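Here is a short report on helix packing and aromatic rings. Look through the structure first, then read on.

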Amino acid sequence: DRAQVDDLIAYLNGSAAPGMTAASARRGAFLGPSAHGGPPPAWHPNPEDPATWRWWDGARWTSFTVPSPPVSRSWFPGRTSASERSVSESAGTTGTITRGSLIALLGFVIAELLSIGAVFAAIALGAEERSVVTLIAGGFGLWVGLLGACLVAVRRHGTGSLRDLGLRGLRRSDIGTGVVASIVARIAGVAAAVAIVVLLPNETYGSSNAIVDRGRPSALAVIVVALFVCVGAPFFEELFFRGLVQGALTGRVGARIAVVLQAALFAAAHYQVGMSLGTVFVTFTVIGIAGLTLGMVRWHTERLGAGMVAHAAFNLVAVVILLFVLF
């Protein structure tokens, strides 16, 4: 009876003829544009609950909702996505996805400053310059800034929940999608890195990893770093780069450009002072490919779960290789 009830709701709102199916209503089948000059009456994603669609009567949101229909999106944004705008913008309820650009930019700058400040503070307290302690300190400062930007964005321009950025419960499908995406990103990254080394044989390539520089680490150091890169980094970085940055840029410049720009910013965030030119080329290329893959996963699923799994699996490969080299 759900379809019949939806049809009656549409009919009573004066925007559908009796007998119209709920599926056609969800696809935006209506009699014409709104008399108020806004978006025509139709079902649209609910700005207050992403799991449902809500009826827009041409002038305002109604209280009528239905479960969201199954989503089938391409892996990479099509050309039509360049001008996508949600009905919530036209209704005057613009959300985080379009108005968080400035907050994202300031958040990134502040996060980098906090990371640098935390490293200097650790050194001032006695930690060695390139050690696990300074690595953790820098990461913690970075995450505080990134999370802070996300919280400010959803409070100022959203519902106040991180669900606005795509943070929802993990699904079984997220695990499979994430693992496959991480494998694709790793293979493409390795191929690109090899190509760079072949094309630039005279450059110096080295590791910027503090653990490698320090020699054989303790078991505790290995566990801490593994949790750092396989749990903390996937959560905070996906929330910021694929949640806030990609979402905000999508609303301003379109989904295609947003996916590419967030990947470039993601790569830039992995720069470390002291890197050789060759290391910069390889690092930026590999991380950029990973960011591009994660952005595509975010676009396809419209959630962060699969991307977090992919990010964790991608970093886990690096941890396993590092352990193999050290032990």
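## Two packed helices

Helix α5 (residues 101-124) and helix α6 (residues 132-157) have axes that come within 7 Å and cross at roughly 155°. The two are therefore roughly antiparallel (angles over 145 degrees). Their crossing is right-handed, meaning that the near helix is turned clockwise from the far one by less than a right angle. By class, the contact of α5 with α6 has 15 nonpolar, 8 polar and 2 charged residues. Asp, Glu, Lys and Arg count as charged.

This is a predicted model, where local features need pLDDT of at least 70 and side-chain atom pairs count only at pLDDT 80 or more, while totals for chains, interfaces and linings use all residues. Residues are numbered from 1 along each chain as its sequence is written, and side-chain values use heavy atoms, leaving out hydrogens and water.

## Aromatic pairs

Rings of Phe, Tyr and Trp (its six-membered ring) pair if their centres lie within 6.5 Å. The count comes to 8 aromatic pairs. Trp56 and Trp61 have ring centres 5.3 Å apart and planes at 70°, so the pair is edge-to-face (planes over 60 degrees apart). Trp56 is buried (under 20% relative accessible area), at 3%. Trp61 is buried too, at 15% relative accessibility.

Phe240 and Phe241 also form an edge-to-face pair, with centres 5.1 Å apart and planes at 90°. Phe240 is buried at 0%, and Phe241 is buried at 2%. Ring pairs link Phe108, Phe240, Phe241 and Phe266 into a cluster.

## Charges over rings

Arg242 lies over the face of Phe266, 4.3 Å from the ring centre. Arg186 lies over the face of Phe314, at 3.8 Å from the ring centre. For Arg, the rule asks for CZ within 6 Å of the ring centre and within 35 degrees of the ring normal.

Note on methods. Axes fitted to C-alpha atoms, helices over the stretch in contact; angles between N-to-C directions. Helix = DSSP H or I, 4+ residues; strand = E, 2+ residues; numbered from the N terminus. Parallel < 35°, antiparallel > 145°, perpendicular 65-115°, else oblique. Phe/Tyr/Trp six-rings, centres within 6.5 Å; stacked < 30°, edge-to-face > 60°. Buried < 20%, exposed > 50% of the residue type's maximum accessible area, 1.4 Å probe, protein only.
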